[in-house]
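Please read it alongside the sequence and structure shown here.

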Amino acid sequence: MNLILLGAPGAGKGTQATKIAERYGLVHISTGDIFRANIKNGTEIGLLAKSYTDKGELVPDEVTVAIVKDRLTWPDCEKGYLLDGFPRNLYQAEALDTFAKIDGVVNINIDHKLLMDRLCGRRVCRDCGESYHVSTLNGATKCARCGGELYQRKDDNPETVGARLAVYNEQTAPLIDYYTQKGIIHNFTGTEAPAEVLFEEVKRVLDGLLNTL
Ligand code: ADP
Ligand code: ZN
């Protein structure tokens with residue numbers, strides 16, 4: 001089963017991605033994670049990506065598409081994969097159609113009023129990727145799940161978040177129509193309820209989808 005996870009920054013994609021990948025044995029491919037790893041390791045791709053991610057803009061399509069196209073040729077992808085953060089515009093979606101067969105799109109809709117505070121207050125575990133909100137941490141600096149160090153992503157500041165939300169509205173939101181027309185989208189509402197609640201719904205739909213493949 002090959003899936004795409006769609007949703008605005010802060011909609012809770014990361015948490016759902018981990019749960020979906022685990023339950024269905026899928027490879028979790030996050031282009032944001034790939035760029036952050038490259039930036040951390042100072043690779044050529046990292047140096048290029050940094051100038052865009054720092055501003056909340058999209059890394060150029062040719063670079064991003066080439067990375068994903070290559071990643072999907074790795075043998076582990078044969079068991080199925082979950083694309084998280086890709087595609088992010090129509091160009092990427094059309095490119096993806098030339099080298100991948102997507103079975104379903106999980107789209108998480110959320111009230112955008114929630115996103116600025118969620119993202120600016122977000123703290124992420126360096127080791128397992130779990131995210132938290134400062135308001136619930138009571139000063140804790142370690143991950144409750146694995147003990148890893150919590151940090152604030154460099155692009156989780158008001159200015160960059162504003163740019164990321166604008167990019168989402170202008171370039172990524174049109175993909176909802178694109179996949180609706182293809183008849184493969186499944187829509188969910190992200191709420192302030194715990195991620196497990198949303199995952200229960202996602203699971204019901206994906207179990208059904210799996211049965212039709
Ligand atoms: P977000 O929380 O904003 O969804 P991501 O971790 O998915 O964050 O992405 C972080 C940054 O990495 C983006 O703001 C963008 O600069 C870059 N990026 C990630 N995925 C893509 C993509 N598919 N195309 C272009 N740039 C991307
Ligand atoms: Zn952790």
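C125 counts as buried, with a relative accessibility of 3%, where buried means under 20% relative accessible area, with a 1.4 Å probe and protein chains only. C143 is likewise counted as buried, at 5%. This is a predicted model, in which local features need pLDDT of at least 70 and side-chain atom pairs pLDDT 80 or more, while totals for chains, interfaces and linings use all residues. Residues are numbered from 1 along each chain as written, chains are lettered from A and ligands numbered from 1 in written order, and side-chain values use heavy atoms, without hydrogens and water.

Because C125 lies in strand β5 (residues 122-125) and C143 in the loop between α7 (134-137) and β7 (150-151), the pair ties together parts 18 residues apart in sequence; helices (H or I, at least four residues) and strands (E, at least two) are DSSP runs numbered from the N terminus.

## Two domains

An automatic or database assignment divides the protein into domain 1 (2-110 + 158-212) and domain 2 (122-155). Their C-alpha centres lie 22 Å apart, and the contact (heavy atoms within 4.5 Å) takes 9 residues from domain 1 and 7 residues from domain 2.

Note on methods: Buried < 20%, exposed > 50% of the residue type's maximum accessible area, 1.4 Å probe, protein only.
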